Amino acid sequence: MRRTALRGVTVATVATALVLGSPIVANAAGYPSDTAKPDLVSLLNGYDQFWASSGTNDLHGTVKDGATLAQNDKLTSWINQHATKAQQLKALQDSEYQNATNTGYDQSSTVSQGLGDALEKIYVQGRNSGALPLTSALVNSSTGTSGAYVSTGDAKAHYSYPRPYLPGTTTATLPATDDQTNCAPTKVNATSLSANRAGKAWASADGTLDITRVPATTDTTHEFSPNDVVLDAGYGTQGICTGGSYPSGHTTTAYQAGITLATLVPELAPELLARASEAGNDRIVLGVHYPLDIMGGRIDGEAALAARWSDTQYRTDVLEPARAELTKYLEQQCGDTLAHCIAAEKPYTDDPYGGAAIPGGTAQVVTDRASAVKVYTERMSYGFTATGATGQAPSVPTGASNLLLTAFPTLTDAQRTSVLAQTESASGEPLDQTGTANGSWERLNLAAATSATVSVATDGSVKVLATGGSARVLTGVLTAPKGTSVAAGGSLALAGTGFTAGSSLQVVLHSDPVTVGTLTVAADGTVSGSVTIPAGTATGAHTIDLADASGASVLATPLAITVTPAAAGTGGDTGTGGGTGTAVVDPGTGVHLPVVSG
């Protein structure tokens, strides 16, 4: 057997121990969730409608939905063939797990790129120096109590689906660098899929999918480790070639790490989640997994972290102390508040295909938060044709709301559940289990939920007004009792409820932010008064915000107003008619955000 030294541990050892879903070091027992892990086979059984394994874990079986599996193949080959050289290196980096000598790194380091260029460096330094012991013990993808919480071994054996790079014939010749003994085509192949691939543009005549193997290399960047690190996709190792493709174990751990970090640093949750989706997508870049495998791995990670955050004892003893440790360290090393550090750094970005658009989708380019949420959302389903009933009601799994505890600490469990229901994807996607006891983890859009602006009505109900910005709760209600139409230079009457008694609020006119007055909150939490709209204000649609004294936080759903030309010789008049309206703008930029409906 070919064995390549991997910094004190062999590629084959890592492949066997981790790719099949077994952490090198088992989690310590002591918390209720340690022995109440999600049943991944049950959570993932939507796959049964596409493929039925032979039942002997030999990578053979029967195709049940040829069209969906063909789409799976097409996307896999395209992604593998179109990834840039830079993305191939990132894919190899994302394939690493920590080794026994602690001289390498794992996905809990690579997904930290979602923190942004400055905070990622601080985070990795803290992990490597030992300055973040609680965080490391929690998030490590090889040994962490959350980062390596669930194992995909049983699910892989149950579904036993051949990997994309395996030959479609028993007589293929493998690359000279691969292990001919354990991965010989006579023993390991994808012949059960050959007929479904016959005549397809993305496969050869013998039914072998068009996949280019990414060669091994050495990571000398020292971005994640002070050492040079050998990177190898492990195509020829027994743990990879004989291990079932569905679900992706690497993606499972990437999401366990990514969701963990997203809950510890909710201020950057959308970016961290998008980076976790990139790590999953990188398994397709290497040609060792399909999109459906990645979708399954995301489901695993979501259910795993929901179980951990739903365990009150674990949350109190492990998650919350790690969050306090990490926040304190990041702020100390950055030298400012986390909010200011985030505002000053370059955010996470990615361009996996050099601007080329994936079939049926986009180029998946990430440049800012809004695009991060968009790319994450696209990778939730990869544009698959619906395979189940569409138009069904929301189906939020039990415990999923606890994944929003840090993003929305002031909301109730029911309110957080409502946020998830309003931001989840439509029903009918592959792997969707809407209406079952499990609920639909497939539809859960954490990137959208953790970037939501929500308003809370007097009856406690919440409405998601927009996604793609900062997680914000607007508890105040602003109205214009004399109408929302006002002449430039005229007076606009305002009234509001739901504010902190005695506080001073700034009244800000957008689109170009201009403070036009202040209002003081009465003892009953209400405000009332009038402000003058500047005479030079352009006619047309504008919005009015009520912000705190610093101007940094918007406290009510912005009010839409219409400015009309000043009356001749009067310099403007009092607003009349129109009623009230709602619009949403980013308080920092004044840019109108997209409104989403439930």
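Predicted model: local features only at pLDDT ≥ 70, side-chain atom pairs only at ≥ 80, totals over all residues.
Colleague: Is N57 buried, exposed or partly exposed?

Modeller: N57 is found in the loop between β3 (51-53) and β4 (61-63); strands are DSSP runs of E of at least two residues, helices are runs of H or I of at least four, and both are numbered from the N terminus. Phi of N57 is near 55°, a positive value in a residue other than glycine. Because its relative accessibility is 40%, N57 counts as partly exposed.

Colleague: What is the relative accessibility of L59?

Modeller: L59 is also placed in the loop between β3 and β4. Its phi is positive, near 65°, although the residue is not glycine. L59 counts as buried because its relative accessibility is 4%.

Colleague: How much of the chain is buried?

Modeller: The secondary structure of the chain comes to 18 helices and 17 strands. Of contacts (heavy atoms within 4.5 Å) between residues at least 6 apart in sequence, 71% join residues at least 24 apart. Among the 598 residues of the chain, the buried share is 57%.

Colleague: How far apart are the end C-alpha atoms of helix α14?

Modeller: The expected span of a helix is 1.5 Å times one less than its number of residues. Helix α14 (residues 312-334) has 23 residues, so it should span 33 Å. The model agrees with this, as the distance between the end C-alpha atoms is 31 Å.

Colleague: Where in α14 does the kink lie?

Modeller: The bend at a residue is the angle between axes fitted to the seven residues ending there and the seven starting there. In α14 the kink is about 30° and comes shortly before the proline P321, at L319.

Colleague: Which residue caps the N-terminal end of α14?

Modeller: A polar contact is a pair of N or O atoms within 3.5 Å; within protein, one must be able to donate a hydrogen and the other to accept it, and residues adjacent in sequence count only if both atoms are side-chain atoms. Here the backbone nitrogen of Q313 lies 3.2 Å from a side-chain oxygen of the capping residue, D311.

Colleague: What is the relative accessible area of T423?

Modeller: T423 is found in helix α17 (residues 413-423), whose buried residues pack against α18 (446-449), β7 and β8 (462-466). A polar atom of the T423 side chain lies 2.9 Å from the backbone oxygen of V419. Leaving aside neighbours within four places in sequence, T423 is in contact with N445, A448, A449, V464 and T467. T423 is buried because its relative accessible area is 9%.

Colleague: Is S455 buried or exposed?

Modeller: S455 lies in strand β7 (residues 453-456). Not counting residues up to four places away in sequence, S455 touches S461, V462, K463, L465, L474 and T557. Its relative accessible area is 14%, and S455 is therefore buried.

Colleague: Which residue in β14 is the bridge partner of L505?

Modeller: Two strands pair if DSSP finds at least two bridges between them. Strands β13 (residues 504-510) and β14 (residues 514-520) run antiparallel and are joined by six bridges, with a hairpin of three residues between them. The partner of L505 in β14 is L519.

Colleague: Which residue is joined to P247 by a cis peptide bond?

Modeller: P247 is found in the loop between α10 (238-241) and α11. The omega of the cis bond is about -5°, and the residue joined to P247 is Y246.

Technical notes. Residues numbered from 1 in each chain as written. Heavy atoms only, no water. Buried < 20%, exposed > 50% of the residue type's maximum accessible area, 1.4 Å probe, protein only.
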